[in-house]
Amino acid sequence: MNQYDFVVIGSGPAGRRAAIQAAKLEKKVLVIEKGTRVGGVSVHTGTIPSKTLRETALNLTGWRERGFYGRSYRVKQEINADDLRRRLLITLDHEVEVLEHQFSRNRVQQMRGTARFIDAHTIEVTKEDGEVLQVQAGSVLLAVGTRPFKPSHIPFDGVSVIDSDEILEIKELPRSMIVIGAGVIGIEYATIFSALDTVVTVVEPRDTMLDFIDKEIVEDFTYQLRDRNMKLIFGQTVEGVEKVDGKCRVTLKNGRVLTSEMVLFAAGRVGAVDSLNLEAAGLEADNRGRLKVNPETFQTAVPTIYAAGDVVGFPSLASTSMEQGRIAARHAVGAPSHEPPQFFPYGIYAVPEISTCGLTEEEVIQRAIPYETGIAHFRETSRGHIMGLDSGMLKMIFSLKTRRLLGVHIVGEGATELVHIGQAVLNLKGTVEYFVENTFNYPTLAEAYKIAGLDAWNRMGELKVEKIERRAAE
C-alpha cells in the first residue's frame, strides 16, 4: 500500500509540476506536504502573495494614473492592512483549489505530514494527528523550498521586526520602514510599501544591488527609486536592531542610527531541510541548506534522489522551478527529457518591474563579443503617452558579427510580460532584422522593440546583399 514509483516532498512549483508529470507517465505518485494546504512557499508566503500585494497596492493607490493626475492622486484615501489581505485570501483560495483539482484529476496521492529519510528509499512521515508511517519510493524529489534566514542578533517579534513571511500578517501599515537586504525579495517589498506612501529606507552591505541585472537597467531603476524619496544605503552592515520607546532603532557599522516603525529583515533564505534527516539518505546540504545537483538531470549525489526549486539555489524562480521539477520527474521515471533552456526570463516584481533574458552588457564585454545596443524609452511610444508613463526603458544587445540578439533587458510597466518577445527571438537565434522588418501592434508598449531595434540597426548598418544570399542558401 505504501510503495510508490515517485515520492515528492513539497508541493510548491517544482513539486507539483514534477508530481503531475510523473502521474501523466502513469507512475504511482505521492506528494508529502507538511503545510496545512498544498502550494508550498510559492502559494502561501512567496510568489503569489507578494505579487497579489503588489497589484492591490498599485490599484488602491492609483499608482498607474499618477502620471496624469499627480503624485497625490489616490483611488482609496485610507488604505489599511485588511484592504490588502482581502484580495490576498481570495487569490490564495483560488490557487489552492486549482492545485487540488490538478492532483485529483491526475490521481496524484497526497499525504499531510513531516517527512524524514530512514534510508535513500524509505521515508518516515509523521502525520498531523501524530500517526507515524513509512513509505517506500523508487525515486524521490526534494522540493522543500526555503525559509527566511533569521540571524540570532535580530530581535524578531512578528510585529515590528519581521521577516519576509511575517510581512503578510501585519495588522497595520507602517508609516516608516527599514528594509535590511537589497536582494530581490527586499527590493520588491521595499518598493511596494513605498508605493503605499510608507517612508522606506533600504540598507545593503554590498556596494551594489541586483548584480545579475544589466548595470544600465539597475542605474535607471535606482534613479526612479531615489526620485520618489526612497533612501538607499549601500556598503553598510547592520550592527544591531533594538526597540526603543515604540520605535525600531537600527545601528549601522559606521555608527549611523536609523529609526522607523517597522524593520523588515530580508537578507537571504535557507533551504528547509532541517527535518529531512539527509544524512540517513547519504546527502549533505551546504551552510545555507542548499543541495548540489546535476544541472541537466537535477540528480543529487544519490542517483535516485533529485532536488529542484529554491532548495538548489539560483535562480530561485517559480517558473524555472516548475521546469526543473518536470525535467527531474521525467529523468527519474526513465522518460526522455531535454536540457533546461539556455536562456530563461528573470522577473523582479518591484515597482517598477524589471525583467531580463540573455546576456547583460557586462557579460558581453567579458566574453569579448563585438556588440551594439538599442534602447527605447516607454515615453517614446504612443501607448506610453496614453498610459501616462514618464519612465521605463527597453534595452537590447546584438552581436555585430552575427547580428543576433544576445540579451533583452526591461525596466518599467509590464516588463515581465514584454520580455517574452525578446526571449522567443533570443532562443530562436533571431537577428536585429526581426525587429526592424516586423510589424508590431500600434499603440502598444511592445512597439518599444521596434524602436530599440531601429536604434541599434541605425548604427550597425544594413545587412549586406552577399550576407543575405548566403543566409538564404543556408
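**The loop at proline 315**

Reply: Proline 315 sits in the loop that runs between strand β16 (305-307) and helix α9 (318-332). The model is a predicted one, and in it the peptide bond joining phenylalanine 314 and proline 315 is cis, with omega at about 10°. UniProt, in an unreviewed entry, annotates residues 4-325 as "domain: FAD/NAD(P)-binding".

Proline 352 is placed in the loop between β17 (346-348) and β18 (354-358). For residues 345-450 the unreviewed UniProt entry lists "domain: Pyridine nucleotide-disulphide oxidoreductase dimerisation", a span with 33% helix and 27% strand whose end C-alpha atoms lie 20 Å apart. Threonine 416, in helix α12 (residues 415-427), touches Gly347, Ile348, Tyr349, Glu353, Ile354 and Ser355, leaving aside residues up to four places away in sequence. The relative accessible area of threonine 416 is 8%, so this residue counts as buried, the cut-off being under 20%.

Two further loops call for a look at the backbone. Glutamate 26, which is not a glycine, has a positive phi of about 65°, and its place is the loop between α1 (13-24) and β2 (29-33). With a relative accessibility of 75%, glutamate 26 counts as exposed. Asparagine 277, likewise not a glycine, has a positive phi of about 55° and is found in the loop between β15 (269-271) and α8 (278-281). The relative accessibility of asparagine 277 is 23%, so asparagine 277 counts as partly exposed.

As for the whole chain, the protein contains 15 helices and 21 strands. Its radius of gyration is 24 Å, close to the 23 Å that the globule rule gives for 474 residues, so the protein is as compact as a globular protein of that length. The C-alpha trace spans about 70 × 70 × 40 Å along its principal axes. Of the 474 residues, 53% are buried, and among contacts between residues at least 6 apart in sequence, 65% join residues at least 24 apart. The accessible surface comes to about 22,300 Å², with 49% of it belonging to carbon and sulfur atoms, while the mean positions of the 56 positive and 62 negative charges lie 1 Å apart.

Terms used. Residues numbered from 1 in each chain as written. Predicted model: local features only at pLDDT ≥ 70, side-chain atom pairs only at ≥ 80, totals over all residues. Heavy atoms only, no water. UniProt positions renumbered as here; feature names shortened; annotations may be inferred. Helix = DSSP H or I, 4+ residues; strand = E, 2+ residues; numbered from the N terminus. Rg over C-alpha atoms; globule rule 2.2 N^0.38 Å. Buried < 20%, exposed > 50% of the residue type's maximum accessible area, 1.4 Å probe, protein only. Contact = heavy atoms within 4.5 Å. Areas by Shrake-Rupley, 256 points an atom, 1.4 Å probe, with all protein chains shown as cover. Lys, Arg positive; Asp, Glu negative; His and termini not counted. Charge placed at Lys NZ, Arg CZ, Asp CG, Glu CD.
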